[in-house]
Amino acid sequence: MKLPVVATPTLAIAGRAERCPIRRIYCVGRNYVDHIREMKEGDERDPPFFFQKPSDAIVANGSTIPYPPDTSDFQYEVELVVLLGEGGVNIPQDKALDHVLGYAIGLDLTRRDQQKDMRAKMLPWERGKAFDASAPCSALMLADHIGHPTKGAITLSVNGVEQQRGDLSQMIWNVPEIISNLSNSYKLMPGDMIMTGTPAGVGPVVIGDKLQGHIAGVGTLNVTIGPGEG
Ligand code: MN
C-alpha cells in the first residue's frame, strides 16, 4: 500500500499568487457579551477561553459547504480571523501585534446541538466545533496593507437578510490580549490562525442557504450550504 500524501492546508492572500500555509486554528469562545447572553452561558464576567479546530477544516471563499452529518442544528458564527507570521511564548500585549501577518473574515461553523449536548455532559466540544469544513475563511489581507483593525462593523446575512451585527470594538479580549493569553498556554508558531469570537445573532442554516459575512476594511466571505455527502 502506498503511503498517504497529505497536503498542508493553505489560505489565499489577497493580491498575491502565493498562499499562506496554516499550522493550527485556535478559536476564542465567549468574546462578545451579547453572544454570551444569547447562549445563556453562565456568568458573563467569566473570561473568554480557547478551543481548536483542525487546520484542514478551512474552506475557501465562494465554496459550497456540505451540510454536515450528526446534526440538525448547523449554525454560523461570523468572526475576525488573525493570522500569525511570527510565533512565540509569553508574548507581552504591547508586542503582540508585531506577530500578526494579516487578517481575514471567517465562520466558526458549529453543530450547535452537539455543542450543547457535550457541554451538558461536561465532555469536550470536538463534535460540536472541530468537524470537516467548519472553518470557511476569506483571503488574507496583509497587515502591511490594512493595518490592525480595532473597530468597525462585523455582520453576517443569510439569503440577504442580516442576522448578526456587532463591532470589533465590542470584543472582551482584543487582539493583543488574545495573542498574549494564548501564548501563555501554547508555543505559538508562524501560520497559526485565531478565530476571535462572534457577536450575537447566531442561528441555524438549511441546505440552499447563502451566507455572506462582512467586516469593514477586512473583506467579504460568501458560502453556500449544500446537500450532505451521504
Ligand atoms: Mn465562535
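In the predicted model, the sulfur of Cys 20 lies 10 Å from the closest cysteine sulfur, that of Cys 137, which is too far for a bond. Seen from the other residue, the sulfur of Cys 137 has its closest cysteine sulfur in Cys 20, again at 10 Å and too far for a bond. A disulfide is a covalent bond between the sulfur atoms of two cysteines, and the cut-off applied here is 2.5 Å between the sulfur atoms. The count of disulfides is zero by this rule. Cys 20 is buried, with a relative accessible area of 7%. Cys 137 is also counted as buried, at 2% relative accessibility.

When neighbours within four places in sequence are left aside, the contacts of Ile 179 are Val 82, Leu 84, Ile 91, Ala 96, Val 100, Leu 188 and Ile 194.

Ile 179 is one of the buried residues of α6, together with Val 175, Pro 176, Ile 178, Ser 180, Leu 182 and Ser 183. An α-helix has 3.6 residues a turn, so residues three or four places apart point the same way. The buried residues of α6 pack against the strands β3, β4 (49–53), β8, β9 and β15 (193–195), and against α2 (93–96).

Strand β17 spans residues 210–215 and shows an alternating arrangement of side chains. In a regular strand the side chains alternate between the two faces of the sheet. Five bridges connect β17 with β13 (residues 153–158) in the antiparallel sense. Within this pairing, Ile 154 stands opposite Ile 215. β17 also runs antiparallel to β18 (residues 219–226), to which six bridges join it. Here Lys 210 has Thr 224 as its bridge partner. The two strands β17 and β18 form a hairpin with three residues between them, and Gly 217 in the turn has a positive phi of about 80°.

A further sheet is open and consists of three strands in the order β10-β7-β16, with antiparallel pairing. The edges are taken by β10 (110–111) and β16 (203–204), each of which has a single partner strand, so one side of each is without a neighbour in the sheet. Two bridges hold the antiparallel pairing of β7 and β16, in which Gln 75 stands opposite Pro 204.

The manganese ion has three protein donors, Glu 77 (OE), Glu 79 (OE) and Asp 108 (OD), at 2.0 to 2.1 Å. Along the chain these donors follow the spacing E-x1-E-x28-D. Both Glu 77 and Glu 79 are buried.

Aromatic rings form seven pairs by the rule applied. In the pair of Tyr 67 and Phe 74, the ring centres are 5.3 Å apart and the planes lie at 75°, so the pair is edge-to-face. Tyr 67 and Phe 74 are both buried. Elsewhere, ring pairs link Phe 49, Phe 51 and Trp 125 into a cluster.

Most residues other than glycine have a negative phi, and most peptide bonds are trans. Asp 70 is not a glycine, yet has a positive phi of about 70°. Asp 70 is located in the loop between β6 (64–66) and β7 and is partly exposed, with a relative accessible area of 46%. Ala 133 likewise has a positive phi, of about 60°, although it is not a glycine. The position of Ala 133 is in the loop between α4 (126–129) and β11 (135–137). At 15% relative accessibility, Ala 133 is counted as buried.

Definitions and conventions: Residues numbered from 1 in each chain as written. Heavy atoms only, no water. Buried < 20%, exposed > 50% of the residue type's maximum accessible area, 1.4 Å probe, protein only. Helix = DSSP H or I, 4+ residues; strand = E, 2+ residues; numbered from the N terminus. Pairing = 2+ DSSP bridges. Contact = heavy atoms within 4.5 Å. Donors = N, O, S within 2.8 Å, 3.2 Å for Na, K, Ca; no water. Phe/Tyr/Trp six-rings, centres within 6.5 Å; stacked < 30°, edge-to-face > 60°.
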